[in-house]
Amino acid sequence: MAAAMASAAERAVLEEEFKWLLQEEVHGVLRQLQDILKEASHRFALPVGGTEGPVKQENFMLGTSSADQVKGVLMLQGDALCQADINLKMPRNNQLLHFTFREDKQWKLQQLMDAVMLQLTRARNRLTTPATLTLPEIASSGLTKMFTPALPSDILVNFYINLNKLCLTVYQLHALQPNSTKNFRPTGGSILHNPGAMFECGSQRYEVSHVHKVECVVPWLNDALVFFTVSLQLCQQLKDKISVFSSYWNYRPY
């Protein structure tokens with residue numbers, strides 16, 4: 001009798017604690033998440049409700065410490081790469097090529113923004129783990145048609161985000177002749193393809209002869225990564241607390 005009364009009292013206490021968790025802590029965590037995500041969204045400098053002025057444009061220099069084959073300036077406006085001014089030195093003849101985005105083209109930071117709309121985990125993963133693409137996917141992505149003058153047929157470019165860096169990769173291609181004795185083996189998906197990688201586009205086969213990678217640091221991407229991480233931690237902590245009660249209800253005999 002005493003044991004049954006103690007068990008009933010214990011259950012009543014747990015039910016009150018669980019009710020408090022649902023009514024108070026869940027709402028508190030959701031308010032924290034709202035504030036954190038609102039702060040993260042401000043890092044993209046996007047106008048809200050049409051009440052703010054024009055979105056500020058930020059310029060970032062591309063560069064690398066190992067070589068100077070590719071140099072340039074990227075112009076970000078909110079979540080859009082609105083202009084890219086790129087100089088490419090061709091290794092075989094030292095010819096200097098200059099390309100910029102066409103005025104009617106922009107490159108959206110889709111690998112981050114689309115993921116934010118789906119879920120925090122995917123958004124964070126897209127910042128920390130760039131998407132793997134095949135060379136035909138890069139060739140057909142539309143980036144090659146965004147520049148003026150048009151890129152030569154033996155040049156591929158790809159932009160991607162890695163942590164707090166906006167990266168540009170330039171691939172120089174060598175067209176394989178139909179009578180080539182090379183063993184043609186198409187390369188699969190990768191973040192960065194190496195020289196010697198092969199692929200087929202249309203009826204033409206290509207081999208990557210040179211690869212140039214340059215990057216620039218975008219400070220607010222690091223802020224966004226921190227906000228996503230904190231949000232995920234808050235969600236996990238709340239989930240763990242609810243799981244404790246769920247386990248008790250499932251396994252506690254009454």
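Guide: On a 1 Å grid over the protein atoms alone, a cavity is a set of points where a 1.4 Å probe fits but cannot get out, and its lining residues have an atom within 4 Å of a point. Grid points are joined across faces, edges and corners, and a volume is the space filled by probe spheres set on the points. This is a predicted model, in which local features need pLDDT of at least 70 and side-chain atom pairs count only at pLDDT 80 or more, while totals for chains, interfaces and linings use all residues. Residues are numbered from 1 along each chain as its sequence is written, and side-chain values use heavy atoms, with hydrogens and water left out.

Visitor: OK, how many cavities of 30 Å³ or more does that give?
Guide: The count comes to 1 cavity, and the volume of the largest cavity is about 40 Å³.

Visitor: Which residues line the largest cavity?
Guide: Its lining consists of Ile-86, Leu-88, Phe-99, Phe-147, Leu-151, Ile-155, Val-157 and Val-170. At least two lining residues come from each of β3 (80-89) and β7 (155-162), strands being DSSP runs of E with at least two residues, numbered from the N terminus.

Visitor: Switching topic, is Thr-144 buried or exposed?
Guide: Thr-144 has a relative accessible area of 18%, so it is buried, which means under 20%, with exposed being over 50% and partly exposed in between (1.4 Å probe, protein chains only).

Visitor: And what is Thr-144 in contact with, beyond its neighbours within four places in sequence?
Guide: Taking contact as heavy atoms within 4.5 Å, Thr-144 touches Ala-139, Leu-151, Ile-155 and Leu-156.

Key: On a 1 Å grid over the protein atoms alone, a cavity is a set of points where a 1.4 Å probe fits but cannot get out, and a pocket is an open set with protein on both sides within 12 Å along at least five of seven lines; lining residues have an atom within 4 Å of a point. Helices (H or I, at least four residues) and strands (E, at least two) are DSSP runs, numbered from the N terminus.
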